[in-house]
Amino acid sequence: MATPTLTRPTARTSTSEGLRRPRKKMTAGKIAALVVAAFIAVLWLIPFAWATATAFKTETDAAAPKVSWMPPSGFTAEAFVKVFQDGNIPLWTWNSFYTSAAITAITLVISALVAYALSRIDFKGKKVLMTVIIASIIIPPPVLIIPLFYQMLALHLIDTSWAIILPQVIHPAMVFVLKKFFDQIPRELEEAAVMDGASRLRIFTQIILPLSRPILAAVAIFVFIGAWNNFLWPFIATNDGALLTLPVGLQTIKSAYGIQYAQNMASALLAALPLILVFLFFQRQIIKGVATTGLAGT
Amino acid sequence: MSSSLASRRSTGQPDIATATQPQQTRRPSQSRTRSNLSGWGFATPFLVFFLVFLVWPILYGIYMSLTGKSLTGANDSLIGFANYAEALADADMWRSLGNTFYFTVISTVPLVLVALVMAALLNVGLPAQWLWRLSYFAPYLLASTVVSLFFTWMYNPQLGLFNDFLSKLGLPKVAWLNDPNVAMWAIVIATLWWTVGFNFLLYLAAMQNIPAQHYEAASLDGAGAWRQFFSITLPQLTPTTVMIVLLQILASMKIFDQVYQMTAGGPGGSTRPVVQYIFETGFTGYRLGYSAAISYIFFGLIVLVSVMQFAVTRRRSA
């Protein structure tokens, strides 16, 4: 790992170094930092590596009492084949995908609308509304599971996807993040449109939203990751095997397979794959998303 | 969504039209009415969800906590504060609250410090930033179930990686998830691996916002890297640190997933957090009213912690 990373900066030096970062040299301190950073990275990658090594073993090798990175009977994709034949992982992935997408879409629409009102429109009761929304940030979702479950029973939504989706679309913190972003958009941009008699909705959709793409993407990513990985509420809201999301489905697999370590790890890796792939594609946006939306608390 | 707005708008239109000439001439009273209408119009979709799926459950939960309601349908009548009285005398509830606080205390420190170290390392300007960032952050993208499967396997007393490593060092094996003295720490290690990447990114973003001139001035004055870190970076990060600690405490107090999946609260209830106790009294014990009462005691404590944190931050910034 160390060799390619060490050669990179020198290559960069010859091309663009002079322009961008004038004092970028590999000092002793930097090399020390690199060693420590690499050490932590290795520690952090071990669980992935170990799970992968196990997933490609035969069950016998995985259950052998001696820990081995290189199994005696060689690597095999048997566990993955079995998990796939099972058919559950694709179903659960699909369930996770469409519930998370629905949650993200509804969250974005309703949060952007209310954030726009809070940012740009002077209306009676705005301060109260703002205070209530900010105050609701501290409500921990787990304390609502009991009444929410009862509410879903009463609405006959238990064992439908709506039970998973509906309670997850309220993100007061995200409203706040969007409002702060809208606040920074210069009012002059809207004034011409107001003079022309454009409606609020038109200003919102044609001026504000296009300018807010980065923050909308950030909020979308943040909400999507949260919904995708949520365990407690989907676990309570659905018993129907056909509706299970990935995290809830995986929880059932553990007991079903008993001590089949290779299959367990293969399932876990397959479940991890979609978001890791998404991350590889949208690395920059995701990092920005966490940084901007996460920082909103200040 | 937009259709409901449109209809709201059109019902509002007539009285505006009768009041004055429409649109172009904007008199204060007219524009105020319009603003009120459009303001609440834009807020309505959110408010509907907010009222139905947040405010109503909160209120209904309070009502439930005052009844003997159970999943089996018995006793819907009000019983006053009996549930609360029972909960306050319930050793299991106190134990689960204690576990939650214990986890919060012992997890917050490493989750903040390791994140700071990770960000400081990368802030030096290392090559292959993306690789380190990816390694530190990737676990955050996993579902708790995946993390639990990984770690249950690594903690396996006979076959697991942790004990293999210990025995290579000549140390005795540890019953990671089965020893009441160790289990919570095992969960902290898994949680650290899983979620530290989030705090790390917050720190990294904050560090990269510190103006370069500060460092340039300092290095002209002959300050070395350590000196710069302690005299510039750390002080500049104070608001970020405060925020990360606040967010982390609130997040840690909600712990449930990884405990439920790795130890199911065991051994002997030594890791059972309060959220799991709420879940169990409600869904396994069928006592919804009692469970709701415990929820509100927990909620009250979270509010208390938040208010205290808020007070501390205010005093510090004042």
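## Basis of the model

In this predicted model, local features need pLDDT of at least 70 and side-chain atom pairs count only at pLDDT 80 or more, while totals for chains, interfaces and linings use all residues. Residues are numbered from 1 along each chain as its sequence is written, chains are lettered from A and ligands numbered from 1 in the order in which they are written, and side-chain values use heavy atoms, with hydrogens and water left out.

## The two chains

Chain B has 14 helices and zero strands. Helices (H or I, at least four residues) and strands (E, at least two) are DSSP runs, numbered from the N terminus. Of the 318 residues in chain B, 53% are buried. Buried means under 20% relative accessible area, exposed means over 50%, and partly exposed lies in between (1.4 Å probe, protein chains only). Chain B exposes about 14,300 Å², with 65% of that area supplied by carbon and sulfur atoms. Accessible areas come from the Shrake-Rupley method with a 1.4 Å probe, and for residues only the protein chains shown count as cover. Among contacts (heavy atoms within 4.5 Å) in chain B between residues at least 6 apart in sequence, 65% join residues at least 24 apart.

Chain A has 16 helices and zero strands. Buried residues make up 51% of its 298 residues. Among contacts in chain A between residues at least 6 apart in sequence, 70% join residues at least 24 apart.

## The interface

In the interface, 95 residues of chain B are in contact with 106 residues of chain A. The area buried between the chains is about 9,100 Å², and carbon and sulfur atoms give 81% of it. Buried area is the accessible area (1.4 Å probe) that two parts lose on being put together, summed over both. B:Phe42, B:Phe46 and B:Trp153 supply 9% of the area that chain B buries against chain A, more than any other three residues.

Helix H2 (residues 28-65) of chain B gives the largest share of the side that touches chain A, with 21 residues. By class, that side of chain B has 69 nonpolar, 18 polar and eight charged residues. Here Ala, Val, Leu, Ile, Met, Phe, Trp, Tyr, Cys and Pro count as nonpolar, Asp, Glu, Lys and Arg as charged, and the others, Gly among them, as polar. Between chain B and chain A there are zero salt bridges.

## Salt bridges

A salt bridge is a side-chain nitrogen of Lys or Arg within 4 Å of a carboxyl oxygen of Asp or Glu. Over all chains, the whole structure has eight salt bridges. In chain A, one of them joins the side chains of A:Lys126 and A:Asp122 (3.9 Å, N to O). A:Lys126 is buried at 19% relative accessible area, whereas A:Asp122 is exposed at 61%. A:Arg120, A:Glu190 and A:Arg200 are linked in a network of salt bridges.

In chain B, the side chains of B:Lys168 and B:Asp164 form a salt bridge (3.0 Å, N to O). These two residues are four apart in helix H7 (residues 161-168), so about one helical turn separates them. B:Lys168 is exposed at 64% relative accessibility, but B:Asp164 is buried at 18%.
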